[in-house]
Amino acid sequence: MNNYIFMGTVAGIILINIILAFAKRKGVTFSVYAADPNKHGKFVIAMTLTGTIVGGGMFLAVGQIGYEAGTAGFVLGLVYLVGLAIVGGFAPKIREIMDSGKHETLIDMLNSAYNNKVVLQFCIVNLFMYTFLLAGQFVAMFQFVKFVQTASVIAWIPWSLVGLAVLSLFLYPVIGGLRKDIQTDIIQVIIIVIASILILVNIICSGIWKSLWINLPDSHVTGTGYGWLFIVGAILFLTPSFITRMDIWQRIRTAKTEKDSRYGFWFAGVLSCFFFFLFTTIGMWAYSLKFPNSKFATLDLIYQRFQNPLILGFIIGAFFAAVLSSADTFINNISLFITKLTSPKLWNQRGEKQTDNTLLGRSRMWASVFIVISIGLGWIVPNFVDLLVGAFSLLLIYLPTILGLLIENWRNPKAAFWSSFSGVAVFFILFFLWNPKLAFVPAVLISFITFALIQVVTKKK
C-alpha cells in the first residue's frame, strides 16, 4: 500500500473541517454559538443528528458490540429509530414551549421551571457525561493508532493524522459553535454514507451473509452476549432517554419549523438504524473470521478487505469524519454547561452585546480546556464501550425532571433534585464496583422510585 496516498486522502478529509472553521465565521454571537435558532431545514437537521450519533466511538464500539454480543447491536439500532421518532413527535410541543418563553437552550427551560439547585445539579452531571462522551471519541482515535502501528504503515503517519484531527477540534467548534458544528456535519455524514456504501457493497459481494450465521454462537444470534438484562434495559431505558439530551434540544431549536424538526428526526432515525446494522454486521463478520481482538474488529476487517490506498484512505477518513461529527457537538455542550456553572449571573443576563461577548469568550476558553481534559481521560480509560454505555445511562435518570418541562403535574423541584441525586450516586458506585454495562438499570430504577415517592408525599402534604 502506498502510505502517502493513504495519508493524503485521510488528511484531505480532515482539512475540510479546518477550512470551514475560517469560512464565513463573522457574525458569531453567543446565541449562534449555543442555539442558532430557526435556521435549518429538515435535511440539515437529519444530517446533523446523524452526524452526532454516528461518531468514531460508535464506528468502533458498535463493531465491538457485534463481535462480543452479536445482534445486540441491531436492537440498539431499532432503539435509536424508535427513540428519535418519539422525540420527533414531541418536537412541535417543545418548540411551542421554547417559543412562548423565548428560551434558546434546555438549560434556559430548566431555569424557568426549577430552582437553581436542580439546574446546577443537571449541569454538573451532564458536564461529566458529555466529557465521558468526548473522551470516547479520543479513545477511538488512540485505538486507531494502536491498530495501525501493527499494520504496514509508517509509524508517524497515524499520529500525524490524529494530531490534525485534534487541531481541527480546537478550531471549528470552538470558533463557530453550533453553526459550524452543523455545517461540517453535512459534509461529514456525506463522507460516512459513501464509505458505508463501499463497505456494504463489499459485504454483499463477499457472499458471507448466509455462512456468517453458521459460525456464530447462539448468544450472538439472539443478541444476549451481554445478557438479557442489557437488552431489556436498552429497550426500556435507552428509548426514552433521547428527550433528556441537550444536543437533541439544540436540533429542535435550530430547525426552521415544526415540520422540519419532526421530519428531520424521523429521517435521522432511519439513517442511524442503518449504521447500527452495518457496523454490527462488520463486528459479527470479524468474529466469524476469528479475528483475535474485539476492540480492533472493525479496523481489522476493513484493512483486510480494502487494499487500495485511495479507497482505504477514504474509509479511514470517514472514520475521522465520524469522530469529528460527534466530538464537535460534545465540545459545544460541555462549554455551555461549564459556562452556566461558572458564570450563572452573566448567563441569566444575556441579551446585551457586552455580556454576550463575555459569555462567548468564556465558552470558547472552557471548550479548549475540556478538550485537553478529555484527551487525558481517553488515554486513562481505554474501553470506550464502557465509557459510552456509562455516559448515556446517566441520561434517563433525568427523564422525570425533563418531563416536568412538558407536563406541569410532573414538575416538582424537590423530587427532581433528590431522584437525580440518588440515581447518580447509585450509578457511580455500581459502575466502578459492579458492572459498567449494567449499572444504569438499578440506578434508573432507584431514581424513578425516589421521584415517585417524593411526588406522592408532596401531594399528600
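Is the crossing of α7 and α18 left-handed or right-handed? In this predicted model, the crossing is right-handed, meaning that the near helix is turned clockwise from the far one by less than a right angle. Residues are numbered from 1 along each chain as its sequence is written. Local features need pLDDT of at least 70, side-chain atom pairs count only at pLDDT 80 or more, and totals for chains, interfaces and linings use all residues, while side-chain values use heavy atoms, without hydrogens and water.

Two packed helices are described by the angle between their axes and the distance between the axes. Here, helix α7 (residues 116-148) and helix α18 (residues 353-380) have axes that come within 7 Å and cross at roughly 60°. On the α7 side, the contact (heavy atoms within 4.5 Å) includes Leu127, Phe132 and Phe138, and on the α18 side Phe370, Ser374 and Trp379 are among the residues involved. Sorted by class, this contact has 13 nonpolar, three polar and no charged residues, with Gly counted as polar.

Turning to the loops, Asp36 sits between α2 (30-34) and α3 (42-53). Asp36 is not a glycine, yet has a positive phi of about 45°. With 2% relative accessibility, Asp36 counts as buried (under 20% relative accessible area, 1.4 Å probe, protein chains only). Lys290, in the loop between α14 (258-288) and α15 (297-305), is another non-glycine with a positive phi, of about 65°. Lys290 has a relative accessible area of 71% and is exposed (over 50%).

Methods. Axes are lines fitted to C-alpha atoms, for helices over the stretch in contact, and angles run from 0 to 180 degrees between N-to-C directions. Helices (H or I, at least four residues) and strands (E, at least two) are DSSP runs, numbered from the N terminus.
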